[in-house]
Amino acid sequence: FESKRVQSDHEGKIAAIRTVFVAWALIKLEGRILFCEREDKKREDTPHYVLAGGRLNIDDLKKHFNRADKEYFLKILNTENSKEAHQALKVPLERELLEELGIKKNQYQAKEQYKLKPFYMLAGDKANFSYTRYEIDLFEVSLNFDGLKQISSLENNIFTAESLKNQISWFTVDEVIKAQKNNQ
């Protein structure tokens, strides 16, 4: 049903069913950008590289706002351009840097926060498949010496925690531009 709804929109005015807020880390070293390889269930033999980061959830909002008002948090998560959601994106950034790269909060500094142009796509699974608006904030992350040591240990396969199954790779800006899909 959702695919047909999107295909019938000939004027580009279709509304997204849900909004997802995402924090991405831009870690740049010697002209190269750090990417994590993620599993792509649809294309198992095709590498799928993304910036470290993840989506905002209710637990992140509880942590950021230090309260437990589920109804309020659901409203934040379902509001396009939510100021509160963008303010809270450092929480999933911190969580995902630790989960994906083993980088602790004291090993980096998140500097600038750039709000990217919203990205729309059909996403989800089964009953949760919907036309989704992704609001992505890009954080410029600078690693200190301990953070650099952590990344180096990942590159040298020294750190083998179960939670760090992802491979990491470095790409130049030109390589990233060449790999763009649908001009996004």
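Guide: In helix H2 (residues 58-65), Ile58, Asp60 and Leu61 are buried. They lie on the same side of H2, because they cover an arc of only 155° around the axis. That arc is taken from the directions from the helix axis to the C-beta atoms. An α-helix has 3.6 residues a turn, so residues three or four places apart point the same way. Asp59 and Lys63, on the other side of H2, are exposed.

Visitor: What stands behind the model and its numbering?
Guide: This is a predicted model, in which local features need pLDDT of at least 70 and side-chain atom pairs count only at pLDDT 80 or more, while totals for chains, interfaces and linings use all residues. Residues are numbered from 1 along each chain as its sequence is written, and side-chain values use heavy atoms, with hydrogens and water left out.

Visitor: What makes a stretch a helix or a strand here?
Guide: Helices (H or I, at least four residues) and strands (E, at least two) are DSSP runs, numbered from the N terminus. The chain has seven helices and nine strands.

Visitor: What covers the buried residues of H2?
Guide: The cover includes strand E5 (53-55), helix H3 (70-77) and helix H5 (90-101).

Visitor: What caps the N-terminal end of H2?
Guide: Asparagine 57 does: a side-chain oxygen lies 3.0 Å from the backbone nitrogen of aspartate 59. A polar contact is a pair of N or O atoms within 3.5 Å; within protein, one must be able to donate a hydrogen and the other to accept it, and residues adjacent in sequence count only if both atoms are side-chain atoms. Just after H2, asparagine 66 takes a positive phi of about 55°.

Visitor: Why is isoleucine 33 called buried?
Guide: Buried means under 20% relative accessible area, exposed over 50%, partly exposed in between (1.4 Å probe, protein chains only). Isoleucine 33 is at 10% relative accessibility, so it counts as buried. Isoleucine 33 lies in strand E3 (residues 32-37). Leaving aside neighbours within four places in sequence, isoleucine 33 is in contact (heavy atoms within 4.5 Å) with residues including Leu26, Leu51, Ser169 and Trp170. The C-alpha atoms of isoleucine 33 and serine 169 are separated by 8.2 Å, though 136 residues apart along the chain.

Visitor: Why does glutamine 87 count as partly exposed?
Guide: Glutamine 87 has 40% relative accessibility, so it falls in the class called partly exposed. Glutamine 87 lies in helix H4 (residues 83-87). It touches His64 and Phe65, not counting residues up to four places away in sequence.

Visitor: What is the phi of glutamate 30?
Guide: Glutamate 30 has a positive phi of about 50°, although it is not a glycine. Most residues other than glycine have a negative phi. Glutamate 30 is found in the loop between strand E2 (28-29) and E3. With a relative accessible area of 71%, glutamate 30 is exposed.

**Strands and cores**

Visitor: How do you know that E1 and E8 pair?
Guide: Two strands pair if DSSP finds at least two bridges between them. Strand E1 (residues 18-26) and strand E8 (residues 130-143) have nine, in the parallel sense. E1 and E5 pair in the antiparallel sense over three bridges. Valine 22 stands opposite isoleucine 136 in E8 and opposite arginine 55 in E5.

Visitor: What makes a nonpolar core, and how many residues has the largest?
Guide: A nonpolar core is a set of buried Ala, Val, Leu, Ile, Met, Phe, Trp, Tyr and Cys residues joined through side-chain atoms within 4.5 Å. The largest has 29 residues; those with the most contacts inside it are Ile27, Leu97, Leu101, Val141 and Ile151. A second, separate core of five residues includes Val20, Val22, Tyr134 and Ile136.
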